[in-house]
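Subject: A structure for you to explore

Hi,

Here is the structure I promised to pass on. Please open it next to this email and look up each residue as you read.

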Amino acid sequence: MSNYTVESCKVESADRVVLHTRLFKPREDAGRADDGGGGLGVVLVHPYTVLGGCQALLRGIASELAGRGLLAVTFDMRGAGKSTGRPSLTGFAEVKDVIAVCKWACDNLSLRRILLVGSSAGAPIAGSAVDQIEQVVGYVSIGYPFGMISSILFGRHHKSILQSPKPKFFIMGTRDGFTSVKQLENKLSGAAGRVEKHLIEGAGHFQMEGPAFDAQMVSIILEFIASL
């Protein structure tokens with residue numbers, strides 16, 4: 001028997017887009033991870049919808065977190081999966097989706113604190129929501145697209161997370177095709193507050209979206225949570 005359950009629900013954004021959402025809940029008798037003080041859940045934001053990104057890409061991380069005793073939430077942003085609406089090219093409309101899901105989770109799941117995790121294009125989208133949600137206490141990026149070409153689409157998101165005073169952790173492969181290690185370090189050098197990074201040697205951008213890295217991502221996330 002699995003030590004977590006999965007439930008589906010619908011969350012409505014501020015502009016009435018209906019978001020298909022999944023809750024990965026630890027069973028009551030399951031062991032609990034150290035959540036840094038209690039009442040914390042993890043909301044995960046999937047990669048770029050325009051290129052086929054959807055919440056299914058984060059199922060492995062979410063299920064592993066729930067199996068370790070943490071509530072995890074995934075959702076399809078507008079225009080992905082079973083969610084209504086249309087995706088935007090720059091991800092600014094999707095920031096409303098992140099805010100809606102986080103607020104719903106706090107109101108309906110008794111969460112007092114949220115760790116926001118964004119993968120690929122989901123990282124800048126989540127980063128723009130961090131300071132708009134009081135309950136968000138930390139942020140983890142998996143493959144943030146800081147590079148020159150991707151900045152054409154997502155560059156206007158950079159300032160929000162880099163200037164946020166909240167703790168942030170950036171995970172990136174050393175062979176990421178969208179952001180070089182030097183570009184990442186240059187961006188983080190001027191960031192506010194607590195900033196950490198973890199480089200995965202030899203990993204490419206899309207590799208880290210695959211299941212081979214799920215366990216490693218969860219270990220990093222849990223260590224970060226314990227330090228909050």
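First, some ground rules. This is a predicted model, in which local features need pLDDT of at least 70, side-chain atom pairs count only at pLDDT 80 or more, and totals for chains, interfaces and linings use all residues. Residues are numbered from 1 along each chain as its sequence is written, and side-chain values use heavy atoms, with hydrogens and water left out.

**The rings**

Rings of Phe, Tyr and Trp (its six-membered ring) are called a pair if their centres lie within 6.5 Å; planes under 30 degrees apart count as stacked, over 60 as edge-to-face and the rest as tilted. By this rule there are 8 aromatic pairs. One of them joins Tyr144 and Phe170: the ring centres are 6.1 Å apart and the planes meet at 50°, so this pair is tilted. It links distant parts of the chain, since Tyr144 sits in the loop between β6 (136-142) and α4 (148-154), while Phe170 is in strand β7 (residues 168-175), 26 residues apart.

Ring pairs link Tyr139, Tyr144, Phe146 and Phe170 into a cluster.

**The annotated domain**

An unreviewed UniProt entry carries the annotation "domain: KANL3/Tex30 alpha/beta hydrolase-like" for residues 100-205. UniProt positions are given in the numbering used here, feature names are shortened, and annotations may be inferred rather than shown by experiment. Over residues 100-205 the chain is 36% helix and 30% strand, with the end C-alpha atoms 28 Å apart.

Which residues bring α1 and α7 into contact? The axes of helix α1 (residues 59-67) and helix α7 (residues 214-227) come within 9 Å and cross at roughly 50°. (Axes are lines fitted to C-alpha atoms, for helices over the stretch in contact, and angles run from 0 to 180 degrees between N-to-C directions.) The contact (heavy atoms within 4.5 Å) is made by Gly60, Ile61, Glu64 and Leu65 of α1 with Asp214, Met217, Val218, Ile221 and Leu222 of α7.

The buried residues of α1 are Ile61, Ala62, Ser63, Leu65 and Ala66. Just after α1, Gly69 takes a positive phi of about 100°.

**Two single residues**

Ser128 is in helix α3 (residues 122-129) and counts as buried, at 8% relative accessibility. Leaving out residues up to four places away in sequence, Ser128 touches Phe92, Val95, His157 and Ser160.

Glu201, in strand β8 (residues 195-204), is exposed, with a relative accessible area of 70%. The C-alpha atoms of Glu201 and Met172 are separated by 8.8 Å, and these residues are 29 residues apart along the chain.

Enjoy exploring!

Terms used
Helix = DSSP H or I, 4+ residues; strand = E, 2+ residues; numbered from the N terminus. Buried < 20%, exposed > 50% of the residue type's maximum accessible area, 1.4 Å probe, protein only.
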